[in-house]
Amino acid sequence: MDTFELLPSLAQGDLRETSAAELVAAVFRARASGTLALEGGDAGEIRTFFRAGDMCGTGLFAGFHTLAHVLLANEWVDAVAIDETREESARTGKRHGEVLIANGLLTAEQLRAALLVQHGENLAAFLRLSAGTYEWRGWEPPPVWAREVFVGPIAAIVDAMARPTLSSRRRRILDWLGSHV
């Protein structure tokens, strides 16, 4: 049976047999909610969260982009302000984005845009992974903090499928996704 047909009951496997792009495509097509956990090498466990097939966050991993990375890269907030607001966030227990808004450094719309960029970059990094074992945890819902911003994974899947290593499966996967692409 094909990987796609197994979700959301897919339990576990190896990325050498089923690519991260295929897994995310299966989650999307099934409109599944839960956590896709990947264990690979020195990175430890990488958890990516989905709600109704859309990616809504990820845990820290090598190559992970923080909100601060995104803000600095786009010159939306300077480094001094980021350091000060992260310290305030740690001291008060408030989320970094909340502190940025409260201090007038971002609007709610700007924070949402930055989070969309962050999630998109983290999904792209996740889709580049090619080694490790995975487990679909449909019973593990996304954490509360990962329910604010949702990223449709289609563009990232299509980009990942352009890699030469996935060329032999590209047409089948894109056909399987059908009108969503």
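Ala, Val, Leu, Ile, Met, Phe, Trp, Tyr, Cys and Pro are counted here as nonpolar, Asp, Glu, Lys and Arg as charged, and the others, Gly among them, as polar. The model is predicted, so that local features need pLDDT of at least 70 and side-chain atom pairs pLDDT 80 or more, while totals for chains, interfaces and linings use all residues. Residues are numbered from 1 along each chain as its sequence is written, and side-chain values use heavy atoms, without hydrogens and water.

By these classes, the lining of the largest pocket comprises 11 nonpolar, nine polar and five charged residues. A pocket is an open set of points on a 1 Å grid over the protein atoms alone, where a 1.4 Å probe fits, with protein on both sides within 12 Å along at least five of seven lines; lining residues have an atom within 4 Å of a point. Among the 25 lining residues, L67, R95, H96, L115 and Q118 are the closest to the pocket centre. Helix α6 supplies the largest share of the lining, seven residues. Helices are DSSP runs of H or I with at least four residues, and strands are runs of E with at least two, numbered from the N terminus.

T58 lies in strand β4 (residues 54–58). At 5% relative accessibility, T58 is buried, a term for under 20% relative accessible area, with exposed meaning over 50% and partly exposed in between (1.4 Å probe, protein chains only). The T58 side chain reaches the backbone oxygen of R47 at 2.8 Å.

In helix α7 (residues 154–161), I154, A156, I157, A160 and M161 are buried. On the other side of α7, A155 and D159 are exposed.

Terms used
Polar contact = N/O pair within 3.5 Å; in protein donor to acceptor, adjacent residues only side chain to side chain.
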